[in-house]
Amino acid sequence: MSIESDANLDQELHAHGDTHGHGSMRSYLLGFALSVVLTAIPFWLVMAGPPVTMAVAATIIIAFAAVQILVHTVCFLHVTSQAEGGWTLMAYIFTAILLIITIAGSLWIMYHLNSNMMPGMTPGQFTETP
Amino acid sequence: MAKAKAKAQVLPDPTFHLVEADDHAHDTGGGTLLGFWIYLMSDALLFAAVFASFGVLSTSYAGGPTPRDIFELPLVALNTGILLVSSITFGFAMLAMEPGRVRATQGWLLVTALLGASFVSVELYEFGALIAEGATPQRSGFLSGFFTLVGLHGLHVTAGIAWILVMLVQIGQRGLIVANKRRLMCLGMFWHFLDVVWIGVFTFVYLLGMLR
């Protein structure tokens, strides 16, 4: 199987000539159509007033954003396991991991810092502490 | 599987890794494209840090305005639409570039630059309205984070517009030579990358802010 797909890939790379890495009309239009839908639904959800609880609405919005980022990555940025011998994908995954650690880590730490430290900082409680 | 075996017998030297991709890269400067990609990824980390600080400060209103008080979602939806359309018009420029259609490439690039300029104008209008209301960056931690994050993205878009204008001059002077094609591919990655960052901005700053 791998031999066959490699042979196909080889042809594909040659057919692309000197500007490999660009997309096709199909991938751009598909990406655009998907993006419009994936953008419109979260905006509608918030602007029309969410019919579900805030937490559910927030989860749906974040899920749509994650899917839309993937759509843009594949259809517009053309990151695939084949592009640049897989190095763009590797760098992309590495960055995504660092990004999640930075953002989720900051939010997690600061949330606990706030919930543990803030009561002691309020003037009323300050006088009560020995 | 049987088909694959038959092919294996035909091919004189079956390779299981991408030997072509490396060779191929030399004529367009694949090293440049990969290097530019690494820059974009480090830029993404810069945005991650700013997103994280906004996230930490996003409820520090200091008695000032909350997202519900100041955000105009129709304006944000308009801006999101503009940026999304500019992404596909840049895609059309890339498709016109491939067969070397100079006029069409320049036309689509110009449309993209104009859409980018409208995006920045709407954003500046929004900033102006906020500052006029007293929602300045100095007002609260939330507003400092907001102006830093959205402003940083806006600065990137402005830089992208300047780059498009430079490329219009370059193409006008030298045509779609290999070096210009390579530059346009880097510019394309940059432009689409900014659209990806904007997905994070409208989701985490505006939409989730309005839900809070």
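Where is the kink in H8(B) centred, and what is its angle? The kink is centred on B:Thr203 and amounts to about 25°, the bend being the angle between axes fitted to the seven residues ending at a residue and the seven starting there. The structure is a predicted model, in which local features need pLDDT of at least 70, side-chain atom pairs count only at pLDDT 80 or more, and totals for chains, interfaces and linings use all residues. Residues are numbered from 1 along each chain as its sequence is written, while chains are lettered from A and ligands numbered from 1 in the order in which they are written.

Chain B contains 8 helices and 0 strands; helices (H or I, at least four residues) and strands (E, at least two) are DSSP runs numbered from the N terminus. Of its 212 residues, 39% are buried, that is, have 20 or more other C-beta atoms, placed from the backbone, within 10 Å of their own.

Helix H8 of chain B covers residues 178–211. Its 34 residues should span 50 Å at 1.5 Å a residue, and the end C-alpha atoms, 49 Å apart, agree with this; the expected span is 1.5 Å times one less than the number of residues. In H8(B), 25 of the 34 residues are buried, and the helix is mostly covered.

Helix H7 of chain B (residues 141–174) packs with H8(B) at an angle of about 160°, the axes lying 10 Å apart; axes are lines fitted to C-alpha atoms over the stretch in contact, and angles run from 0 to 180 degrees between N-to-C directions. H7(B) is therefore roughly antiparallel to H8(B) (angles over 145 degrees). The contact comprises 17 nonpolar residues (Ala, Val, Leu, Ile, Met, Phe, Trp, Tyr, Cys and Pro), 2 charged (Asp, Glu, Lys and Arg) and 5 polar (the others, Gly among them).

Technical notes
Buried ≥ 20, exposed ≤ 12 C-beta atoms within 10 Å, placed from the backbone. Parallel < 35°, antiparallel > 145°, perpendicular 65-115°, else oblique.
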